[in-house]
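Have the model open while you read.

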Amino acid sequence: MRELSNIQDRVSGTKEPFPQKKLLAWFKKNQRDLAWRAHRTPYTTWLSEIMLQQTQVRQVEPYYRRFINLFPEIRLLAEAPLEKVLK
């Protein structure tokens with residue numbers, strides 16, 4: 001526990017508690033409305049993470065929406081022909 005406290009001090013630069021509440025408040029106020037946040041499931045999170053490794057958020061959104069419309073469940077993705085998935 002002491003080690004965590006030392007890490008928090010180094011990150012925040014102070015002896016104050018790590019600013020989790022401030023960070024969460026900032027996120028709630030400033031977060032973008034992204035397609036994969038609408039219905040959070042392990043599948044939608046996984047898809048978005050894979051797609052976001054390749055390019056920027058604004059470029060991923062249209063591809064993500066089309067992909068999730070074609071394959072709304074992982075089962076449908078697994079059963080789809082490879083050509084359809086890659087298209």
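Predicted model: local features only at pLDDT ≥ 70, side-chain atom pairs only at ≥ 80, totals over all residues.

1. Numbering runs from 1 along each chain as its sequence is written, and side-chain values use heavy atoms, with hydrogens and water left out.

2. There are three aromatic pairs here (ring centres of Phe, Tyr or Trp, the latter by its six-membered ring, within 6.5 Å; planes under 30 degrees apart are stacked, over 60 edge-to-face, the rest tilted). One of them is Trp-36 with Tyr-64, edge-to-face at 5.3 Å centre to centre and 80° between the planes. Trp-36 sits in helix 3 (residues 35–38) and Tyr-64 in helix 5 (residues 57–70), so the pair ties together parts 28 residues apart in sequence. Helices are DSSP runs of H or I, at least four residues, numbered from the N terminus.

3. Phe-67 and Phe-71 make a tilted pair, with 5.0 Å between centres and 55° between planes. Both of these Phe residues are buried, meaning under 20% relative accessible area with a 1.4 Å probe, protein chains only. Trp-36 and Tyr-64 are both buried too.

4. Now look at Ser-48, in helix 4 (residues 42–52). Ser-48 counts as buried because its relative accessibility is 2%. Leaving out residues up to four places away in sequence, Ser-48 touches Trp-36 and Tyr-64 (heavy atoms within 4.5 Å).

Technical notes: Helix = DSSP H or I, 4+ residues; strand = E, 2+ residues; numbered from the N terminus. Buried < 20%, exposed > 50% of the residue type's maximum accessible area, 1.4 Å probe, protein only.
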